[in-house]
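Subject: Two-chain model, with notes

Dear colleague,

I am handing over the model we spoke about, and my notes follow below it. Please read them with the structure open beside you.

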Amino acid sequence: MGEIWEGLSAGFWLVVTLDADLVEITLRSLQVTLSAVVIASVIGLPFGAFLAIRRFRHRRATIAVLNALMGLPPVVVGLVVYLLLSRSGPFGVLGLLFTPTAMIIAQVIIITPLIASIAHQAIRDIWAEYHDLLISLSTSKRQRIKTLLWDGRRALITASLAGFGRGIGEVGAIMIVGGNIDNATRVLTTAIALETGKGDFALALGLGFVLIALAIAVNLAIHTIGRTESEGKW
Amino acid sequence: MIRIFAVIFTVLGSAAWAESLKLAVTTSFHNSGLSDILLPAIKEDTDIDVQLLVVGTGQALRLGEAGDVDAILVHSRAAEEAFVAAGYGTRRREIMYNDFVMIGPADDPARIGEAGTAADALALIAQAQATFVSRGDDSGTHKKELSLWDASGATRGGDWYRPVGAGMGAALNTAAGMDAYILADRASWLNFGNKAGLDLLFAGDPALFNQYAYIPVNPGRHAHVKADLAIALEDWLTSDRAKELIDNYMINGETLFTFNATNPS
């Protein structure tokens with residue numbers, strides 16, 4: 001119990017004194033995960049909408065696979081990305097291993113299925129409601145997807161935030177492809193793993209509380225922005 | 001909002017591109033805290049940003065073989081010599097040494113404190129079937145432990161022998177939690193923050209000698225490795241400045257490493 005209080009106070013002091021290392025790894029955590037969320041949303045949201053309104057062979061199978069991929073084990077993703085980006089792997093010439101870019105790639109793979117899957121569920125419900133209207137207006141497929149994405153934006157923000165939540169707390173994949181290099185690829189979660197390894201539980205826990213606070217702050221910020229830009233109710 | 005992030009990304013993106021060299025090091029070297037002393041000095045003297053990848057010796061050698069790092073600093077002589085012989089590294093340069101120590105519960109139920117050699121100590125643990133945590137991760141420390149077990153002639157593998165497949169610090173945490181015996185390097189032990197009921201019980205056997213060596217990755221195999229930076233770093237690591245920093249690095253008044261760089265072997 002004493003260690004939890006020590007952790008709380010360690011976290012408090014790290015934040016209050018704006019510890020330079022803490023600021024750096026926190027910004028890097030944000031950089032990696034927000035980039036991954038943006039890319040994964042650009043891929044996953046329209047894909048989820050597409051799955052909801054388009055009828056094609058193997059649609060059920062695709063959705064089932066997509067849902068299953070929500071539970072993709074990060075360590076396995078990390079290992080596969082590692083092998084692909086290694087100098088002796090197929091994309092080795094790019095020299096991306098142990099860079100933030102590699103970490104973003106791994107996280108995009110991990111969170112895209114999650115975002116697409118939640119988006120699909122949300123859009124499917126709206127589509128059931130809008131189906132007759134959009135068909136009677138003889139809209140194109142493109143217009144339908146745009147309308148559904150816009151009118152379902154709050155549910156889609158939830159999808160993206162779920163992706164953010166999975167990414168920001170993830171350690172298995174980014175440890176492998178990032179290497180936890182000080183001043184280059186160290187982020188909050190890998191720093192926590194490192195401090196735990198050193199037996200410095202107070203600092204590890206302090207970083208953990210910073211991570212939780214960060215996740216809450218980002219969620220609040222997104223929700224605030226979401227509310228201010230909406231013109232009344234949909 | 002977007003503008004703020006754009007600024008942050010630009011700053012983060014541009015800051016990282018000094019001359020950097022990727023060095024795979026063992027967890028025991030990093031957990032000792034010595035790297036926190038050496039890296040700023042290296043940066044100051046040679047303007048090289050050394051990026052440390054902290055892994056076990058086994059994985060460090062794999063990273064070197066694949067060309068994912070520019071040089072490695074590890075401690076497992078047989079594996080290092082095989083690495084150089086296979087042409088993955090240009091040469092093996094000994095830098096410094098410390099020693100392994102046997103850690104265990106302070107009341108020492110297996111009485112290893114009275115053992116004559118490290119192998120005898122392990123035999124006593126096996127005899128008492130006292131819980132023993134093994135690194136089990138193909139690291140230099142793990143390889144040392146296995147060679148000591150072979151020398152002891154004791155059989156292991158019962159319920160009391162627990163390979164955890166983790167780094168030095170994580171394995172020490174496990175040992176602290178289980179009140180178990182464990183083989184650790186002295187530096188990691190002294191720098192470890194969660195000693196709980198554990199204590200240093202046995203040390204001093206010449207078999208526990210732990211030599212660290214530096215190996216630049218062979219640019220003949222991987223054209224992209226920064227061979228000139230790797231040589232500059234080797235020169236620094238074998239310099240008088242490095243000797244002074246390494247020999248004077250202490251925790252609680254105890255010297256951890258002894259500099260012993262020699263000519264390339």
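In which loop of chain A is L18(A) found? L18(A) sits in the loop between α1 and α2 (20-53) of chain A, where helices (H or I, at least four residues) and strands (E, at least two) are DSSP runs numbered from the N terminus. Before going further, please note that this is a predicted model, in which local features need pLDDT of at least 70 and side-chain atom pairs count only at pLDDT 80 or more, while totals for chains, interfaces and linings use all residues. Residues are numbered from 1 along each chain as its sequence is written, and chains are lettered from A and ligands numbered from 1 in the order in which they are written.

Confidence

The model scores ipTM 0.73 and pTM 0.81. In terms of pLDDT (the predictor's confidence in each residue, from 0 to 100), chain A has a mean of 89, with 96% of its residues reaching 70 or more, and chain B has a mean of 88, with 92% of its residues reaching 70 or more. Within chain A, confidence is lowest in helix α1 (residues 2-16), at a mean of 83, and highest in helix α4 (residues 74-85), at 94. In chain B, residues 11-17 call for care, as pLDDT stays under 50 there and the model has four contacts beyond four places in sequence for this stretch; two residues are in contact if their C-beta atoms, placed from the backbone, lie within 7 Å.

Chain A

Chain A holds 10 helices and zero strands, and its C-alpha atoms fill a box of roughly 65 × 50 × 30 Å along the principal axes. Of its 234 residues, 42% count as buried, a residue being buried if 20 or more other C-beta atoms lie within 10 Å of its own, exposed if 12 or fewer, and partly exposed in between, with C-beta atoms placed from the backbone. Among the contacts of chain A between residues at least 6 apart in sequence, 80% join residues at least 24 apart.

L18(A) has a positive phi of about 50° although it is not a glycine, and L18(A) counts as exposed because it has 8 C-beta neighbours inside 10 Å.

Chain B

Chain B has 11 helices and 12 strands, and buried residues make up 49% of its 265 residues. Its C-alpha atoms fill a box of roughly 60 × 50 × 35 Å along the principal axes.

Helix α6 (residues 118-128) and helix α7 (residues 140-152) of chain B pack at an angle of about 80°, with their axes 8 Å apart; axes are lines fitted to C-alpha atoms, for helices over the stretch in contact, and angles run from 0 to 180 degrees between N-to-C directions. The two helices, α6(B) and α7(B), are therefore roughly perpendicular to each other, since angles under 35 degrees count as roughly parallel, over 145 as roughly antiparallel, 65 to 115 as roughly perpendicular and the rest as oblique. The contact is made by A118(B), A119(B), D120(B), L122(B) and A123(B) of α6(B) together with L148(B), W149(B), A151(B) and S152(B) of α7(B).

D179(B), in the loop between α8 and β7 (181-185) of chain B, counts as partly exposed, with 16 C-beta neighbours inside 10 Å. Leaving aside residues up to four places away in sequence, D179(B) touches P105(B) and G197(B).

Where the chains meet

The contact between the chains takes 25 residues from chain B and 21 residues from chain A. On the side of chain B that touches chain A, the elements giving two or more residues are α1 (2-15), β2 (49-55) and α8 (168-178) of chain B.

With best regards
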